[in-house]
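Let's take a walk through a protein model together. Have a look at the sequence and the 3D view first, then read on.

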Amino acid sequence: MRDNRDDLLYTSSHGFKKGGIKILYLSLLLLFLVIFVSPAWGEDDVDLVCQKGVSGFRGATFPRGDILLKEGDTLEVYCRLDMAKAKPYNASFIQFRFTKTNISEGLMKTTVINETTALLRVERMNVSSPHLSCEIVPPGSRRIQVCQNEIDVGYPPLPVENFSCIAQDWRSLNCTWKKPYNPIPTSYSLQILQKGKSFNSIVSCPNATATPTSCVWGPRTEPFYRQNQNPLHFRINGTNVLNPKGSTWNFSIEHWSIVVPEAPSDLKIVHSLPDVATVWWAFKSFKDFVPGLVHQVTVCIQNASVACNVTKLNSYKGSGHLEHNISLDYAYVNYTIEIKMRSQRARDEASFWSKPGMIVVASSAKSPTAPPKVDVGSYESVPMNDKKRDILVYWEDVDPLFRNGPGFHYIHSVQEDEEKKEDIQPKETNRSYAKFSGLWLNKSYRFQIVSANDEGNSSASSVVFVPRIPKGFCKTVMDYASPKSPTAVSQLDFNNGSFIISWNPVNPVAVPIVSYTVFRCISTKPRPQQCQGLMKWDVVSADKQSKFYNNLPHNNMIYQFAVAANAENMSSGMAWASCTLIHGRVPDKLKKVEKILEAEKEIHIKWSLDCSYKPGVIEGYKISYCRVEDERNKTGRCIDNEKQEAVAGSEITTYHLKKLYPCATYMISVSIISANGESQKSEPIYATTKPSAPSYPPIVSEVTVTNTSATISIKPQFPLNGIIKEYRVKYKSLETGEATEKFYPVAHPSRSSGSSENSVRTDSCFDDGAVMKLTEVEVKNLLSNSNYSFTVAACTSKCSEDSTLAHFKTDVGYTDMTTFPDMHIDGDDIAVVWSVPSNIRGPITKFEILLKQNGKDDDIVSVPYDGNANASTYYHKMKFSCETSTNLTAQVRAVTVLESRGETLYGRWSSAGNFNCGGGASWIVWVGVVIGVIVLIGLIGITSTKLHQKFKYMKEGVDVTLPPGMAVQSLNGFSHNLPKRRRDSGGDTHSFGKENLNYQLQMTTTHHSDDPKDFTSLNESCLQQEKTGARSGDHGGGKMSFDNKVYSEEMEVHHKPEKSNGISSSDVGLLLHNDTTFDSAHQIASSSQPQHVENEHLLTEKRLSECPTNPLLDDSLTTDDTEEDAFPIPISYSNLPAQDLFDDPGFGGSTSDNGSPVPFSNSPYPTTVSIGGGSSPSPPPPSRILNMGPNPNDRAPPSSNNNGSLSLPTNPVNSPYVKWTQVMPDQFMNGDGSISGGDHTHKAPYCQVGILLDSN
């Protein structure tokens, strides 16, 4: 607070430098006041007021109020106490304290003048503005305020700073300045020198516009602004208490250099062409401005990054307007034309330029100048499956300056394998790419892009070629082999607009690499988000593996980078960097962590990196895991301590957590360990181990028994390792030794509605918070009054160990009779005798006997039981009149009376004992039984005799005769003798039934070859085929030749009727094969198109036909003498591809001494063989004729004969056709080769197969 500043100005004797006498007078006056006047101060209460109107102070300071000092002066302040307010303290308790400015205590000197007054003295005060407080400071107590002063230590008036003037619009003059720092308040006033014709005058600043730091002269001020005076002279005067008379400073300013023109007026376009516009503007107020003006014309294109064009023009006195031609270089854009002016004498600074005048002109539209820029590798091929792919074609978006008109867009055309495809259109388009879906992997594509707007299309087009990706076939010249894509593409972000893009080089062996293209795209999100922004790229040499970018714009921008490997005319396409690494920071947290296996005590997890890190960046991983309460309540809170396991090596991506608790939920996360530290943990995943058997058996707390059951109270022991779904109880009767095991399901409150009461998920680990408490199971159907041992196990998905063996005894119950009673006549009484039960289930009190006459209840008799343990039977006589033809029955039961419980337990009635009272017909029953047994034995004997005779006839009474062509010596010199069958005495014919049919094939004429060249062994023929690639049996080099000689041995053929395919291959040998069927051969027979067989040495692949209704397999089809109907046997034909006769080592047949297979001989065979169905070898239905000559060129197309049979050429030597006839039960061959069988000879069905061999 500053009160009466001029009146209270106090200066010490050291502050005056003028006049020694004044110093002497003041010193004497001060001494007088201290000695004589100060004792009287205490009597004047008015003098001890610190500040008027403010109470609470305990005294006053002198001088009062604000104290103003010059730098270097000495400060002296007296502080006097008002003893009425300061008691009990005196001046010795006074202390002075400075705030706002810190003054060292070493410079402060305090002197106690008397009991009420203390003096503060500080020499050489620095420039400052401290606050001084005089205070009473009692020991150990808070300070008491006495009075306070504001002190300013400063300078006399100092020169002003930054004095300047501006003549705005050449209409007014505004001068400003800045006061220098000075704690002593200082005032400044400005004056200007005005030159007149006769004299000069100095005038002050007009009062209306004067401020402490500025002054304005205008056309209406007094004095007014003189526009044409140059230069201008000013004087500034400054005063304060330290220099009341003040100090002055002079300034001179060149007037024309401070004039600021007004904005140009009347801007307009006076002439316009498609590429030129003329702008005109006026500045009439400065037509007479002596130095002239500088005009700056700035032409900018709206919303474009192109630099503005700046032109400067000069005008001179006498000129009031200008015009300028503007070049319109870009079509369909808005040009902003800005014009501003300044004095030619003024500095080229913003403060001396006028406000700008502005006008906008639009250029005309035209078709686009150029197509978008592309690179050889500006595409991405994304496979959809093994046949299709998506192709994304990228380009650099045409700058808006070159779009040249409204409706700008891109037009795409596609060529597929150089053929234009109008139907291939992009599925998705953007300013920098087009996505084409569902294109073929094995076809190449050429994409052409042109720029278009409403005015037309660009004259040129850009082309991106995408090669095919061959798969499964060899590349040719037209495949345009492209290089492989770079791998491990990553971007290192320095977080300041600088990036390093690195990649692994492509192996140039297959396709030479000439360069790499590094693409960058400004996006709103990182990969894998598709980039939607501007695409740019740079090409680097083939020996580079990285590209450095410095100071790219990076404020709120995300960059995506990709790299393509380029061959001479081809590129791999773009491979995007999968992630961004921040320089000096740890990698981002893993985003892909998942569980792959949950076992009882193990959890297997795997993870994958989002980035392709360079070797050495990743050092390993850390797996953190802990148990949580419930997988369904993922709070992230652990119920035990978190565990961590470290994995070394960047290549590890899976881990097995072991030694876990069964049926427990774990929260698992993975962090990356890098050279820069550990990353954040991945988002946690939750995995639950499988249930296991409880760790401990349950506790049996109590057993409650009845006479037939026991209720066992069970409490499980933790850990349960799952939900207890059932209890297993094993119990054993100690009397009978019978052991039983039963499972008792446990009901859970978590069962779903509608489910069975005891249904429990066996793989669940949660029970909605239900803790398994005491559970009771009831074991039923026990023996009364019997001892049992038992154990209990708790079961989840598995059962725990059994509990300790325990025992219980059931309560007493009723006793059942085990035998029926015996009855007999004892004199005039009827006696009932029964056995006492061996297993008494309760104390028997009595027995009851139920008597019935002829099935009607007669009476119940009670017989007391004496409990004699040695008595095994009980006897009771009753008076009873047994009349003739009366059937008397008796039943007995045991009765237990439990008086303590007030119960009577009745056992079940025994089986009835019978007694006939004489005169009955029971002997008739026994006679009937004996006669029935004799008749049954006779019937069995007759039946057995008949069956035996039938069997003998079937085995020995039938002669077997083979059909024509299969008689003795008709099959390559083999004879075959079938076992004869005979008729029984009744002339009935018996079938073979299910027994084996065995007969011999014996060689009757055998030829031996001494020349080993007559045949080709199996190994040699295979070797020839491998060398030449010829098919087995073909003519020419490396083909197997078949010898005309026969190498054979005796063979036994077994027909096993239980086999569905007829005669087995191992039995028939060279002629037959085990899987012969002719199910589809009728298609050949019924086909109307000729089927010519060339170069085939076999007519059939399967060498034995199976009759669909084979009597050997079905006894019901056997014929006899009385049935004349023929068998309806449909014979089918098989499609007959060629097959080497010796290509199957397991085919059977004989071998020569050196192990070679035995070929057929070239004996004469029938030249016409009939193959057909029906009941006889008569001509079959119309079939096919195959003409098979020895030379493929001589073989004529098939022709038919009249009977529709299958015909072969008549040359017996060159037609090696082997026929096999499967013999049926009613067709037999006599020893002389004739056919026997009576009238049924030609009605018996048979099946045939032919094998055609090459004759070479």
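## A tour of the model

Val927, Ile931, Val935 and Leu939 make a nonpolar surface patch of about 350 Å². Patch members need over 30% relative accessible area and no salt bridge, with like charges joined within 9 Å and nonpolar side chains (Val, Leu, Ile, Met, Phe, Trp, Tyr) within 5 Å. The areas come from the Shrake-Rupley method with a 1.4 Å probe, and for residues only the protein chains shown count as cover. One of the four, Val935, sits in helix 3 (residues 922-956). Helices (H or I, at least four residues) and strands (E, at least two) are DSSP runs, numbered from the N terminus.

Before going further, keep in mind that this is a predicted model, where local features need pLDDT of at least 70 and side-chain atom pairs count only at pLDDT 80 or more, while totals for chains, interfaces and linings use all residues. Residues are numbered from 1 along each chain as its sequence is written, and side-chain values use heavy atoms, leaving out hydrogens and water.

Now for the strands. Strands of a sheet pair through backbone hydrogen bonds, either parallel or antiparallel. Here, two strands pair if DSSP finds at least two bridges between them. Strand 61 (residues 887-898) and strand 62 (residues 903-906) run antiparallel and are joined by four bridges. Val897 has Thr904 in strand 62 as its bridge partner. The two strands form a hairpin with four residues between them, and Gly902 in the turn has a positive phi of about 65 degrees.

Elsewhere, four strands make an open sheet in the order 13-10-9-16, with mixed pairing. Its edge strands, strand 13 (214-217) and strand 16 (259-260), each pair on one side only. Strand 10 (residues 172-178) pairs with strand 13 in the antiparallel sense over four bridges, and Leu173 has Trp217 in strand 13 as its bridge partner.

What about charged side chains? There are 36 salt bridges in the structure. A salt bridge is a side-chain nitrogen of Lys or Arg within 4 Å of a carboxyl oxygen of Asp or Glu. Here are three of them:

| Pair | N to O distance |
|---|---|
| Lys443 and Glu416 | 3.5 Å |
| Asp538 and Arg520 | 2.8 Å |
| Lys846 and Glu848 | 3.7 Å |

How exposed are these partners? Buried means under 20% relative accessible area, exposed over 50%, and partly exposed in between (1.4 Å probe, protein chains only). Lys443 is partly exposed at 26%, whereas Glu416 is buried at 10%. Asp538 is partly exposed, with 26% relative accessible area, while Arg520 counts as buried at 17%. In the Lys846 and Glu848 pair, Lys846 is partly exposed at 25% and Glu848 is buried at 7%. Salt bridges that share partners also join Glu76, Arg121, Glu123 and Arg124 into one network.

Last stop: which strand holds Ile136? Ile136 lies in strand 7 (residues 131-136), and at 0% relative accessibility it counts as buried. Leaving aside neighbours within four places in sequence, Ile136 is in contact (heavy atoms within 4.5 Å) with several residues, including Arg58, Leu81, Tyr89, Phe93 and Ile144. Ile136 and Asn90 are 46 residues apart in sequence, yet their C-alpha atoms are 8.4 Å apart in space.
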